[in-house]
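Reader: I have a model on my screen and a list of labels for it. Please take me through the labels and show what each one rests on.

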Amino acid sequence: MTAGNLKMPTGLRWTFRIIDWSMLIYWSVIALAAMRIISLPGSLMYDGYGTPVIDAWNWSFAPLDVLFAILGLSAVHFENSGDQRWRTLAIASLSLTFCAGLMAVGFWAIRAEFNLSWWIPNLLLMAFPIYWFGKLLASQPTRLEPE
């Protein structure tokens, strides 16, 4: 198998579609709430929702989250087009996804706030990339140097 014909694993394709579209929808809803177009009940949101510092903390994730979503969905698009750059985009997206989950879990751990409705999604943002990194690395062809 050469690097030129590697296909994205089907499960990774669906992981990107589910996580990345979910993240883009989340930020769209949060943006609509910030513009006061819709109202979100605080009981469904993160601890401290509506307080300036915690809301600023949440918004600090927007560039990271949107970037990993765009990269992941671009990886799917590139792979569908037969463009092998999908692997680079996938690795970048998975790296940023892991970082976003780790940063959120770290924040809530420092604050000693353990709300499973926020911990579970963020732990999954860390777990999925670890799993897929292993799969992508295992599918990487070995290069033999000429003798």
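Author: Start with a definition. A salt bridge is a side-chain nitrogen of Lys or Arg within 4 Å of a carboxyl oxygen of Asp or Glu. R13 and E79 meet this cut-off, with N to O at 2.9 Å. R13 is in helix α1 and E79 in helix α3, 66 residues apart, so the pair links distant parts of the chain. A search of the whole structure finds three salt bridges.

The model is predicted: local features need pLDDT of at least 70, side-chain atom pairs count only at pLDDT 80 or more, and totals for chains, interfaces and linings use all residues. Residues are numbered from 1 along each chain as its sequence is written, and side-chain values use heavy atoms, with hydrogens and water left out.

Reader: What is the confidence of the protein chain?

Author: The scale is pLDDT, the predictor's confidence in each residue, from 0 to 100. The mean for the protein chain is 90, and 92% of its residues reach 70 or more. Helix α3 (residues 62–80) has the highest mean, 97, and α2 the lowest, 91. Where pLDDT is low, the predicted coordinates should not be read in detail.

Reader: How many helices and strands are there?

Author: Five helices and zero strands. Both are DSSP runs, numbered from the N terminus: helices are H or I with at least four residues, strands are E with at least two. The C-alpha trace spans about 65 × 30 × 20 Å along its principal axes.

Reader: What makes D83 and R85 a salt bridge?

Author: Their closest N and O atoms are 2.5 Å apart. That is within the limit of 4 Å. E113 and R111 form a salt bridge too, at 2.8 Å.

Reader: Why is E113 called buried?

Author: Buried means under 20% relative accessible area, exposed over 50%, and partly exposed in between (1.4 Å probe, protein chains only). E113 has 17%, so it is buried. R13 and E79 are both buried. Of the 147 residues of the protein chain, 36% count as buried.

Reader: Why is the pair of Y26 and W27 called edge-to-face?

Author: A pair of aromatic rings is described by the distance of the centres and the angle of the planes. Rings of Phe, Tyr and Trp (its six-membered ring) pair if their centres lie within 6.5 Å; planes under 30 degrees apart count as stacked, over 60 as edge-to-face and the rest as tilted. The structure holds nine such pairs. For Y26 and W27 the centres are 5.0 Å apart and the planes at 80°, so the pair is edge-to-face. W27 has 6% relative accessibility, so it counts as buried. Ring pairs also link Y26, W27, W59 and W118 into a cluster.

Reader: What makes W57 and F61 edge-to-face?

Author: Their ring centres are 5.0 Å apart and their planes lie at 70°, so the angle passes the cut-off. W57 is buried, at 15%. F61 is buried as well, at 6%.

Reader: How do you know that the charged end of R17 sits over the ring of W14?

Author: The test is that NZ of Lys or CZ of Arg is within 6 Å of the ring centre and within 35 degrees of the ring normal. The charged end of R17 is 4.8 Å from the centre of the W14 ring.

Reader: Why is P129 called buried?

Author: Its relative accessible area is 1%, so P129 is buried. P129 lies in helix α5. Its C-alpha atom is 9.0 Å from that of L96, 33 residues apart along the chain.
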